[in-house]
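These are my notebook entries on one protein model. I record what I looked up, in the order in which I looked.

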Amino acid sequence: MNTKMKLRSAIAILLSALLILSIAGCSKKSPKKEEKKASKPKVTEKQEKNRKAAYSAYKTIIEQNATAIKAYSWQTVPGKDTYNARGIDRPIALCDIDGDKIPELFFFTSQNQGIASLHIYTFNGKEAVELSYDGFNEGAYSGKLADQQAAAGTSYVVYKGKESNTLYIYDSNGDDYMQYNIHRYVMKNSKLELVETLSNRVGQDDSGNTSDIYKRNGKTVPNAQGGKSFTSSFAQLDKAIIFSANREENNVSIWKKFSFDGALCISYDQAIAKLSEK
């Protein structure tokens, strides 16, 4: 009898020990895998020095153009009427296009009532240099993108592409017909090279029928192919730099690709404060 009692007691102790071990094992949380934090690109001392020098040079540029920058009063968001009122006043932006950690400077100036031109500057290590870019207003407005209030007005979106070193400029305007364009540039060695131009002209022919013509680099392409090219180019939007919509463009999908508040463009005063950072 004494032996049975001892055996039962030993079994009970063993079961209790196993139960305690089981509870302890369940209570242990499996170690969490360390979340990989996206490492920020390292900025070298030289790059930081160049950034400060670039900011100083850019600040001088926009101060020299302050009156013309502030004269651009009709920049706006879709649906906002600027008649007898100012627009959103965000005509300046900073965005690194070529990946050298030094942003390029974008801004609009207006010298004549109702016409504003886009300027793009880069920093070459010594000074701020204005970039030329082909494809716009040949023989007028110094070949720059012009936001014009005349007729249907100009709508545009300047944006950084997802592909390396790419810059896109979408614009539209019209009168008797509507013209839609996309220019794609590659930036290398402080230069912007135009690599593709897409266009779509919509209007009426001499017979009164709707005319819808797509072109790539000046050559007519089938409508399905042209429409797909526009959509593909809009899908490459990485960062919206500067924009303005003179009219509603519900038929153009790029306006759904970015947040107006999240675009990089800022006011003159905000730009001065940004460029004054040490």
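**Entry 1. Basis.** I worked from a predicted model, in which local features need pLDDT of at least 70, side-chain atom pairs count only at pLDDT 80 or more, and totals for chains, interfaces and linings use all residues. Residues are numbered from 1 along each chain as its sequence is written, and side-chain values use heavy atoms, with hydrogens and water left out.

**Entry 2. Overall make-up.** I found five helices and twelve strands in the protein; helices (H or I, at least four residues) and strands (E, at least two) are DSSP runs, numbered from the N terminus. Of the 278 residues, 40% are buried. I take buried as under 20% relative accessible area, exposed as over 50% and partly exposed as in between, with a 1.4 Å probe and protein chains only. I then looked at contacts, meaning heavy atoms within 4.5 Å. Among contacts between residues at least 6 apart in sequence, 54% join residues at least 24 apart.

**Entry 3. Cores.** I searched for nonpolar cores, that is, sets of buried Ala, Val, Leu, Ile, Met, Phe, Trp, Tyr and Cys residues joined through side-chain atoms within 4.5 Å. The largest has 45 residues, and Phe-106 and Leu-118 have the most contacts inside it. Another core, of 20 residues, lies apart from it and includes Ala-54, Ala-66, Ile-92 and Phe-123. Beyond four places in sequence, the contacts of Leu-118 include Phe-106, Tyr-133, Lys-144, Val-158 and Ile-242.

**Entry 4. Largest pocket.** I asked which residues line the largest pocket. A pocket here is an open set of points on a 1 Å grid over the protein atoms alone, where a 1.4 Å probe fits, with protein on both sides within 12 Å along at least five of seven lines; lining residues have an atom within 4 Å of a point. The lining consists of Val-43, Arg-51, Tyr-55, Leu-94, Cys-95, Asp-96, Lys-101, Pro-103, Lys-160, Asp-238, Lys-239 and Leu-264. Helix H2 (45–64), strand E1 (92–95) and strand E12 (237–244) are the elements that give two or more residues to this lining. The pocket holds about 300 Å³ of space. By class, I recorded six nonpolar, no polar and six charged residues in the lining.

**Entry 5. Second largest pocket.** This pocket has a volume of about 170 Å³. Tyr-170, Tyr-180, Asn-200, Phe-230 and Ser-253 are among its lining residues. Strand E9 (191–204) and helix H4 (223–235) each supply at least two residues, and H4 gives the largest share, four residues. The lining has seven nonpolar, five polar and no charged residues.

**Entry 6. Strand E12 and its partner.** Six of the eight residues of E12 are buried. E12 runs antiparallel to strand E6 (residues 155–161), and six bridges join the two. Tyr-159 has Ala-240 in E12 as its bridge partner.

Entry 7. Strand E8 is mostly covered, with nine of its eleven residues buried. Strand E7 (residues 166–174) and E8 pair in the antiparallel sense over nine bridges, and a hairpin of three residues joins them. E8 also pairs with E9, again antiparallel, over eleven bridges. In the hairpin of E8 and E9, which has two residues between the strands, Asn-189 takes a positive phi near 50°. Ser-190, in the loop between E8 and E9, has a positive phi near 60°. Ser-190 is partly exposed, at 30% relative accessibility.

**Entry 8. Two covered loop residues.** Is Thr-154 buried or exposed? I found it buried, with a relative accessible area of 2%. Thr-154 sits in the loop between strand E5 (146–148) and E6. Beyond four places in sequence, Thr-154 touches residues including Ala-146, Ser-172, Ser-244 and Arg-247. Pro-91, in the loop between helix H3 (66–70) and E1, is buried at 5% relative accessible area. Pro-91 and Ile-69 are 22 residues apart in sequence and 7.1 Å apart in space, C-alpha to C-alpha. Residues touched by Pro-91 beyond four places in sequence include Phe-106, Phe-107 and Ile-242.

Technical notes. Points joined across faces, edges and corners; volume = space filled by probe spheres on them. Nonpolar A, V, L, I, M, F, W, Y, C, P; charged D, E, K, R; others polar. Pairing = 2+ DSSP bridges.
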